[in-house]
Structures are given as structure tokens and as C-alpha cells.
Amino acid sequence: GDVVVLDVRPGAEFASGHIRGAVSIPIKELQARLGEIPDGADVVAYCRGPYCVYADDAVRIIRRRGYTAARLEDGYPEWARAGLPVRTAMQ
């Protein structure tokens with residue numbers, strides 16, 4: 001409850017599969033939607049993988065607003081391949 005897992009990929013990618021429990025706020029919408037992140041929450045942002053810059057950009061934006069934020073080292077593809085909890089379009 002104190003950590004928000006934030007998927008900053010485009011909405012269509014989130015819809016096709018994401019980390020279970022993640023919240024979708026695409027990077028292009030993040031500035032306008034920061035109010036949706038609960039006050040005091042720690043944020044962990046992720047995107048397409050270790051070389052995707054969306055999560056890095058998100059962490060910078062979120063930290064500037066006073067939140068504690070970190071980037072998930074890997075992205076959704078690595079998470080899913082590791083057999084960790086996901087939601088897919090078929091679920």
C-alpha cells in the first residue's frame with residue numbers, strides 16, 4: 001500500500017501485459033496525472049527494459065514533485081520471463 005508500481009509505457013502495451021498491481025500512467029501523460037499518485041507513496045517506475053529511458057524520465061519528473069522514486073532495474077519483458085506475477089490481456 002505504501003509503494004506504487006508505475007508502468008510508464010504507452011497504454012496499449014500496458015493493456016497487453018503488465019506487472020500485477022501496477023498503475024498505468026504513460027510517460028506522455030505523467031506531468032498532467034501526478035496528482036493520481038498518493039501523497040507519501042514511494043514510486044517504482046518501469047518500462048520496456050533496462051535500456052528504455054521512459055522509467056528514467058519518470059523518476060526525474062516524480063522526484064522533482066517531492067516523491068521518493070526509483071527505477072525498476074529491468075522492465076516488463078524481463079519480469080514476465082522470470083515468471084513473476086503479471087496480468088495479460090487474456091486474464
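Me: How many helices and strands does the secondary structure of the protein come to?
Reply: Heads-up: this is a predicted model, where local features need pLDDT of at least 70, side-chain atom pairs count only at pLDDT 80 or more, and totals for chains, interfaces and linings use all residues. Residues are numbered from 1 along each chain as its sequence is written, and side-chain values use heavy atoms, with hydrogens and water left out. Helices (H or I, at least four residues) and strands (E, at least two) are DSSP runs, numbered from the N terminus. Along the sequence the pattern reads β-α-β-β-α-β-α-β-α-β, and the tally is four helices and six strands.

Me: In what order do the four strands of the open sheet sit?
Reply: Strands count as paired if DSSP finds at least two bridges between them. The edges are strand 3 (23-24) and strand 5 (68-71), each pairing on one side only. The pairing is parallel, and the order is 3-1-4-5.

Me: Which residue in strand 4 is the bridge partner of valine 4?
Reply: Strand 1 (residues 3-7) runs parallel to strand 4 (residues 42-46), and five bridges join them. For valine 4, the partner is valine 43.
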